[in-house]
Amino acid sequence: MNGSRRERELTNRRENKLGSIFFGNGQLSQALNGLSDRATEAKEFLVQLRNTVQHIQENGVEFEACLVAQCDALIDALNRRKAQLLAQVNKEHEHKLKVVRDQISHCTVKLRQTTGLMEYCLEVIKENDPSGFLQISDALIRRVHMTESQWGKGTLTPRMTSDFDLTLDSGPLLQTIHQLDFVQMKVPAAPILQLEECCTQNNSATLSWKQPPLSTIIVEGYILELDDGNGGPFREVYVGTETICTVDGLHFNSTYKSRVKAFNSSGVGQYSKTLIMQTSETGLPPCDIQSVGTVAWFTFDPVSAHPDIVFSNDNLTVSCNSYDDRVVLGNTAFSRGVHYWEMTIDRYDNHPDPAFGISRGDVLKDVMLGKDDKAWAMYVDNNRSWFMHNNSHTNRTDGGITKGSTIGMLLDFTRRILIFLINDEQQGPVAFEGLEGAYYPAISLNRNVQVTLHTGLPIPDFYTPGEADPTSSVC
């Protein structure tokens, strides 16, 4: 029994020892694997450092050549300026010589004349012919006095000094040369668009961006670019130092690509990632003509309005201080899609005839809407209405307005037409056809009328729009 127990103990000890050995081997192997990984990383790092040495040598040669070229260019510029300055000195030198030589020549001639006169007078004085002397003495005296007067003030004064009144101002240049040094300036990194702050509203897009967090390169400004909303080329829409920009006047129901880049005195950096933004859909998309995605909200525009227009109610209500017709536009232009807005008559005194419609931005503001070729309008009184464009009056239609009436305008670019409504009923036929380009909602009124604008309205139920352009719709 004791022998068997002793054998089992020896066996257990051997097994425990072998287990410890195997466990130790496993730990050692694991440690060696980790060390092997570090050794591999060290080898790769050494290769990287050796490549860096090679790059430093190559970049050093290139930078040295660039420095020599820049200094040679400065020396060449200095030599060219030196030649210009020497030419200026030579010109001054020749001018001085010419003035002095001209004065020498002039004085020589006068001196020769004076000497000759003096010698002649002395010979006359030596003659013993009193009668002959009396005959010529008065003339000689006058000639002597005249010759003397020719040597008047300034004749014997030098006209030119020998000094050169030129001093080369080399101090600033020498100071600049002494201050010539290296600056670590690179083009900026690509900006990062802040997607959480980028958005669209109606036909406007707001974009925000920032520099990468670890970038220390100086940025002097940014360039924001958008395409045309139809897959065309990019164009610059903003250049400046701000990091947020709102772009107005875009097409409705269009997909725009946007990007931004930074610049400094060293050049222009890389573009940011391209951001795709969708402006509001202001009509019925072709894939679902029974629904409207979003609609346009706008107000009257106090900036472009005639000075006699009076604004209230957050620029949704307008009146006028003048008995003459004055024009006011909406602050948003339309060029695509289907749009509907209304105006209610808040005040209507003495049966005036306000005009409602659309116009270009440069429409006349001091005449009734529709008088020029920049507006398409319906003017209406308490009994009837007319359509007017370029002072041409058409389609007289019975049915007028009073206080509380509602005038609706439906602008459909899918059919290129404009329709008017009074109190939810279409007024006359299609008013205008063949409309293309950008148009602003517009109205003309005088002091007898006050109206309030209503936007963000759905298309009237009776109307079925035409087929939209599939290239500018997103379903």
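**Residues, pockets and overall form**

Me: In which strand is N264 placed?
Reply: The model is a predicted one. Within it, the residue range that holds N264 is 255-264. N264 is therefore placed in strand 7.

Me: Is N264 buried or exposed?
Reply: The relative accessible area of N264 is 6%. Buried means under 20%. N264 is therefore buried, at 6%.

Me: Which backbone atoms lie 2.7 Å and 2.9 Å from a polar atom of the side chain of N264?
Reply: At 2.7 Å from a polar atom of this side chain lies the backbone oxygen of K186. At 2.9 Å from a polar atom of the side chain lies a backbone nitrogen, that of S266.

Me: Where is T279 found, and is T279 buried or exposed?
Reply: T279 belongs to the loop that runs between strand 9 (275-278) and strand 10 (309-312). Its relative accessibility is 2%, and the limit for a buried residue is under 20%. T279 therefore counts as buried.

Me: Which residue has its backbone nitrogen 2.9 Å from a polar atom of the side chain of T279?
Reply: The side chain of T279 has a polar atom 2.7 Å from the backbone oxygen of H251. H251 is also one of the residues in contact with T279 when neighbours within four places in sequence are left aside, and that list includes N203, F252 and S254. The backbone nitrogen at 2.9 Å is that of S254.

Me: How many residues along the chain separate L418 from G357, and how far apart are their C-alpha atoms?
Reply: L418 lies in strand 19, which covers residues 417-422, and counts as buried at 0% relative accessibility. Not counting residues up to four places away in sequence, L418 touches I358, W376, L410, L411, V430, A431, F432 and L435. L418 and G357 are 61 residues apart along the chain, and their C-alpha atoms are separated by 8.4 Å.

Me: What separation is found between the C-alpha atoms of V451 and P354?
Reply: V451 is part of strand 23 (residues 449-454), and at 0% relative accessibility this residue counts as buried. Beyond four places in sequence, V451 touches residues including F300, V318, M343, I345 and F356. Along the chain V451 and P354 are 97 residues apart, and the separation of their C-alpha atoms is 9.8 Å.

Me: What is the phi of N315?
Reply: Most residues other than glycine have a negative phi. N315 is in the loop between strand 10 and strand 11 (317-320) and is partly exposed, with a relative accessible area of 25%. Although N315 is not a glycine, its phi is positive, at about 65 degrees.

Me: What is the phi of N395, and in which strand is N395 found?
Reply: N395 is partly exposed, with a relative accessible area of 37%. Its phi is positive at about 55 degrees, although N395 is not a glycine. N395 is found in residues 392-398, which form strand 17.

Me: What is the volume of the largest pocket, and how many nonpolar residues are in its lining?
Reply: The volume of the largest pocket is about 410 Å³. Its lining comprises 11 residues, of which F63, L67, Q70, D181 and F182 are the closest to the centre. By class, one lining residue is polar, two are charged and the nonpolar ones number eight.

Me: How many polar residues are in the lining of the second largest pocket?
Reply: The second largest pocket has a volume of about 300 Å³. Among its 13 lining residues, N203, S204, D248, N331 and T332 are the closest to the centre. The lining divides into four nonpolar residues, one charged residue and, as the polar number, eight.

Me: Why is the protein described as more spread out than a compact globule, and what is its radius of gyration?
Reply: The protein has three helices and 23 strands. For 475 residues the globule rule gives 23 Å, and the radius of gyration is well over this, so the protein is more spread out than a compact globule. Its C-alpha atoms fill a box of roughly 170 × 125 × 35 Å along the principal axes. The radius of gyration is 48 Å.

Me: What percentage of the residues of the protein count as buried?
Reply: Among contacts between residues at least 6 apart in sequence, 64% join residues at least 24 apart. The buried percentage is taken over the 475 residues of the protein, and the value is 34%.

Notes
Residues numbered from 1 in each chain as written. Predicted model: local features only at pLDDT ≥ 70, side-chain atom pairs only at ≥ 80, totals over all residues. Heavy atoms only, no water. Helix = DSSP H or I, 4+ residues; strand = E, 2+ residues; numbered from the N terminus. Buried < 20%, exposed > 50% of the residue type's maximum accessible area, 1.4 Å probe, protein only. Polar contact = N/O pair within 3.5 Å; in protein donor to acceptor, adjacent residues only side chain to side chain. 1 Å grid on protein atoms, 1.4 Å probe; cavity = no way out; pocket = protein on both sides within 12 Å on 5 of 7 lines; lining within 4 Å. Points joined across faces, edges and corners; volume = space filled by probe spheres on them. Nonpolar A, V, L, I, M, F, W, Y, C, P; charged D, E, K, R; others polar. Rg over C-alpha atoms; globule rule 2.2 N^0.38 Å. Contact = heavy atoms within 4.5 Å.
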